[in-house]
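Q: I am new to this structure and would like to learn how to read it. Please take the features in turn, with the general idea before the case.

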Amino acid sequence: MFTGIISGVGRIAQVAAMGETAAHGKRLHVQCPAGYLDDVGLGDSIAINGACMTVTSFETGGAAPQFTVD
């Protein structure tokens, strides 16, 4: 359940269409602060502007950790 506590601010790095029409939705690739994904797992929820999104992949290595939501 979303508690309203902001624990980090990310940047949308890429938006990809999931189909040919807007009804198919979008996939967001979000860069986040170092350490933000330390306790994140596949299938977890991350709120973006108050809407809970499901984490479908994430990368913790490198200078810019990122996650993907559908």
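A: Confidence comes first: pLDDT is the predictor's confidence in each residue, from 0 to 100. The protein has a mean pLDDT of 85, and 94% of its residues reach 70 or more. This is a predicted model, in which local features need pLDDT of at least 70 and side-chain atom pairs count only at pLDDT 80 or more, while totals for chains, interfaces and linings use all residues. Residues are numbered from 1 along each chain as its sequence is written, and side-chain values use heavy atoms, with hydrogens and water left out.

Q: Where is confidence lowest, and where is it highest?
A: The lowest mean is in β5, at 85, and the highest is in β1, at 91.

Q: How many helices and strands does the protein have?
A: Helices (H or I, at least four residues) and strands (E, at least two) are DSSP runs, numbered from the N terminus. Here there are zero helices and five strands. The order from the N terminus is β-β-β-β-β.

Q: How does the radius of gyration relate to that of a compact globule?
A: The radius of gyration is taken over C-alpha atoms, and the globule rule is 2.2 Å times the number of residues to the power 0.38. For 70 residues, a compact globule would have a radius near 11 Å; the protein has 12 Å, which agrees. Along the principal axes, the C-alpha atoms fill a box of roughly 35 × 30 × 20 Å.

Q: What share of the residues is buried?
A: Buried means under 20% relative accessible area, exposed over 50%, and partly exposed in between (1.4 Å probe, protein chains only). Of the 70 residues, 17% are buried. Accessible areas come from the Shrake-Rupley method with a 1.4 Å probe; for residues, only the protein chains shown count as cover. The protein exposes about 4,800 Å², and carbon and sulfur atoms supply 53% of this area.

Q: Which residues form the largest nonpolar core?
A: In soluble globular proteins, nonpolar side chains tend to be buried together. A nonpolar core is a set of buried Ala, Val, Leu, Ile, Met, Phe, Trp, Tyr and Cys residues joined through side-chain atoms within 4.5 Å. The largest one here has nine residues: Leu28, Val30, Cys32, Leu37, Val40, Ile46, Val55, Phe67 and Val69. Strands β2 and β5 each supply at least two residues of this core.

Q: What does Ile46 touch?
A: Contact means heavy atoms within 4.5 Å. Leaving out residues up to four places away in sequence, the contacts of Ile46 include Val40, Val55 and Phe67. Over the protein, among contacts between residues at least 6 apart in sequence, 30% join residues at least 24 apart.

Q: Is His29 buried or exposed?
A: His29, found in strand β2, counts as buried at 17% relative accessibility. Beyond its neighbours within four places in sequence, His29 is in contact with Arg11, Ile12, Ala13, Gln14, Phe67 and Thr68.

Q: Where are Ile12 and Thr68 found?
A: Ile12 is in strand β1 (residues 11-17) and is partly exposed, with a relative accessible area of 46%. Its C-alpha atom is 6.7 Å from that of Leu28, 16 residues apart in sequence. Thr68 is in strand β5 and is buried, at 7% relative accessibility. Among the residues that Thr68 touches, setting aside those up to four places away in sequence, are Arg27, Leu28 and His29.

Q: How many salt bridges does the structure hold?
A: A salt bridge is a side-chain nitrogen of Lys or Arg within 4 Å of a carboxyl oxygen of Asp or Glu. The structure holds one. Asp70 pairs with Arg27, with the closest N and O atoms 2.7 Å apart. Asp70 lies in the segment after β5 (66-69) and Arg27 in strand β2 (residues 26-31), so the pair ties together parts 43 residues apart in sequence. Asp70 is partly exposed at 35% relative accessibility, and Arg27 is partly exposed at 30%.

Q: What does Pro33 touch?
A: Pro33 lies in the loop between β2 and β3 (45-48) and is partly exposed, with a relative accessible area of 34%. Not counting residues up to four places away in sequence, Pro33 touches Val9 and Pro65. Val9 is in the segment before β1 and is exposed, with a relative accessible area of 67%.
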